[in-house]
Amino acid sequence: MESDKIMIKYEHRQAGHCESGATSNLFNFKGIALSEPMAFGIGNGLYFSYLPFLKLQFAPMISFRNLPNTVFRRSMKYLKVDATVIRKFKDPKEAMQQLDRNLQKGIPTGMQVGVFNLTFFPPEYRMHYNMHNIVCFGKEDGIYHISDTVMEYPQILTYDDLLRVRYAKGHFAPKGKMYWINNIDKELDIRSAVVAGIRKTVYEMIKVPFPLIGVKGLRWMAKDLKKWPKKLGNEKASFYLGQILRMSEDFGTGGAGFRYIYGAFLKESGEKFNHLELLEASDMMGKAANRWREFAYIGARNCKNRSQPQEDYGMLANMLVEIAGMEEKVYKKLDKIKL
Amino acid sequence: METNSDPVYTDKRHGQYRELFYNYDKTGQFEKSVGFHGETDRVTLQQAWDLFHERIEEARGKVHAGKVSPIVYYMEKNLVDPLNLSMLAGISLWKVKRHFKPRVFKRLSEKTLKKYAEAFNISIEELKNVE
């Protein structure tokens, strides 16, 4: 292994969501200021799906984020930026060589990794979760310098550790996926990108003809939540409820299942284009997000006292239905907006 | 309703790592703040880890009683279910389930044991013995 030292001048900034944070930092590296909420909104980070037939850590799979790499790919597409995404490498060594070549050319490179073997990650978060994103920006004697937007400071990883997390197995396995920006024209058409991003998000949240995705999925989950204590017993019901809260509040969401970040995106674009309706939508989204947080706060009492629920599950389910209604109003409003 | 019901914790007791949180306050501003994770996060994470530890201890007891093979213990320790284990080790699901029997586990070839050992990131010796 060559002992040369490469350090790309790359600014690490902490973010709420791993992928939009990485995207925003990569833009920043190219000299274009794009805030995290903007990257998140344009790249359709907002999502909801409830998949009870798939199990993640012994509880139904609930996802508040889109499929891995959506945020990067879509924001590149809508902003018309020249970027490269390599979906998978068959040979792990080839994947690492490609990374080395990139570093030599001075390109900071984003990668999808699994969390379980990530050595610098908080131990309490190390579960089998394969949708995390990191950016590598330097190398020194076989040790890689990593910017992980969930962490406060840049971190380091050895060659073997990096190889291991890049080839984590399981659902949504990363398979060595990597991405980077090639070049950017200085003038980006942000307005049309925002329009495209909002349209796609609205489609995904209320128009998908499948009952488990978006607002419909939220209502379906509320219906199931009511049945859990009778069907599964109090212990398991509280564990399942805990899964909803873990997914919405933990794992670097910025709180309330990304609703705050999306609200910030609507506010920022509303201010940029002087659009009153967008600002109203952002206010509604912020209120829905606060309601989400309240739901988490009340629900956590049931998780604390597991065998005897402190709060009624029916009440929690009604709260979820109310949130679904609040969110649906926002999306319907956004659907009619003309920019 | 617009109050911030989950304040950002600045006390280190709540975890060693600081994260970025967004908030929506009364004046209609989305605020960014950096802090340790709050009550809700801690309770739900604790709940998950309690369950995992319970399962690990149960598996350890069963291995020592000779009811199941050590693979079950290491599977629980790595927080996976049989389906994920079969993906991790590259062995088909029905075989993995069969290897849970101590009688079958004793006769496993070095090659298969090595596959499991690599999946769990331990040596073959460790795989055979549960502390």
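Into which domains is chain A divided? Chain A of this predicted model is divided into domain 1 (14-183) and domain 2 (190-336), with bounds that come from an automatic or database domain assignment. Residues are numbered from 1 along each chain as its sequence is written, and chains are lettered from A in the order in which they are written. Because the model is predicted, local features need pLDDT of at least 70 and side-chain atom pairs count only at pLDDT 80 or more, while totals for chains, interfaces and linings use all residues.

**View 1. The two domains of chain A where they meet.** The C-alpha centres of domain 1 and domain 2 of chain A lie 24 Å apart. Their contact (C-beta atoms, placed from the backbone, within 7 Å) takes 31 residues from domain 1 and 33 residues from domain 2 of chain A. On the domain 1 side, β2(A) gives the largest share, 7 residues; strands are DSSP runs of E with at least two residues, and helices are runs of H or I with at least four, both numbered from the N terminus.

**View 2. Chain B against chain A.** Here 33 residues of chain B are in contact with 40 residues of chain A. On the chain B side of this contact, α1(B) supplies the largest share, 10 residues.

**View 3. Chain B by itself.** Chain B has 7 helices and 2 strands, which follow the pattern β-β-α-α-α-α-α-α-α along the sequence. Buried residues (20 or more other C-beta atoms, placed from the backbone, within 10 Å of their own) make up 31% of the 131 residues in chain B.

Methods:
A residue is buried if 20 or more other C-beta atoms lie within 10 Å of its own, exposed if 12 or fewer, and partly exposed in between; C-beta atoms are placed from the backbone.
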